[in-house]
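Work through these exercises with the model open beside you. Try each task before reading its solution.

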Amino acid sequence: TNTGVGFAIPVSILKVVLPDLISKGEHDWAWLGVRGGDLTPTIAEAMNLTIEKGAYLAEITEGGPAEKAGLKGATGQKSVRGRTVDVGGDVITAIDGNPVYSFDDLLIYIALQTKPGDEVTLSVMRDGKTIEVKVVLEKRPSSISE
């Protein structure tokens, strides 16, 4: 019987995962080792940024690929119009030349276009300047201890 609940797996994910599942019974996801979100107008204002879109890095996982490459997470907080936001973190604006308008753009690119061991080039806004950072992605761990 049908209870009216369905689960959809995008074909783009199936194309990446299915060959690995068939050949070795598992799929290894690439991992950057960051926590963050979309660059919001409030964060941009608090950090005096001239850009309005990107993936804001709030936290870098200790020992992860991002830390090894020198990416920076938030260093403090600032209040803007009554809202407290994390500030000081890097903002990723492109990955391998592809624009990053949101944190989801970054995650989707890593999930669908890369595998563990791949090197990606990130365009990063830091201290008002754009720099290029090369990162070697690793296999996503089953858990991260804090």
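**One side of a helix**

Exercise 1. This is a predicted model. Find what covers the buried residues of helix H4.

Solution. Start with the cover. It includes strands S1 (30-31), S2 (34-38), S3 (55-60), S6 (91-95), S7 (98-99) and S8 (119-126). Next, list the buried residues of H4 (residues 103-113): Phe103, Leu106, Tyr109 and Ile110. Now look along the axis. These residues lie on the same side of H4, because they cover an arc of only 135 degrees around the axis. An α-helix has 3.6 residues a turn, so residues three or four places apart point the same way.

**The cores**

Exercise 2. Which residues touch the most other members of the largest nonpolar core?

Solution. The core has 20 residues. Leu32, Leu71, Ile92, Ile95, Leu106, Leu122 and Val135 touch the most other members. Then trace the suppliers. S3, S6, H4, S8 and strand S9 (129-136) each give at least two residues. H4 supplies the largest share, four residues. Finally, look for another core. A second, separate one has 14 residues, among them Ala46, Ala58, Val85 and Val87.

Exercise 3. List what Leu71 touches, leaving out residues up to four places away in sequence.

Solution. Go in sequence order. Leu71 touches Leu32, Leu57, Ile60, Ala66, Asp90, Leu122, Val124, Arg126, Val133 and Val135.

**The whole chain**

Exercise 4. How many helices and strands does the protein have?

Solution. Count four helices and ten strands. Along the sequence they run α-β-β-α-β-α-β-β-β-β-α-β-β-β. Last, check burial: 35% of the 146 residues count as buried.

Technical notes. Residues are numbered from 1 along each chain as its sequence is written. This is a predicted model: local features need pLDDT of at least 70, side-chain atom pairs count only at pLDDT 80 or more; totals for chains, interfaces and linings use all residues. Side-chain values use heavy atoms; hydrogens and water are left out. Buried means under 20% relative accessible area, exposed over 50%, partly exposed in between (1.4 Å probe, protein chains only). The arc is that of the directions from the helix axis to the C-beta atoms. Contact means heavy atoms within 4.5 Å. A nonpolar core is a set of buried Ala, Val, Leu, Ile, Met, Phe, Trp, Tyr and Cys residues joined through side-chain atoms within 4.5 Å.
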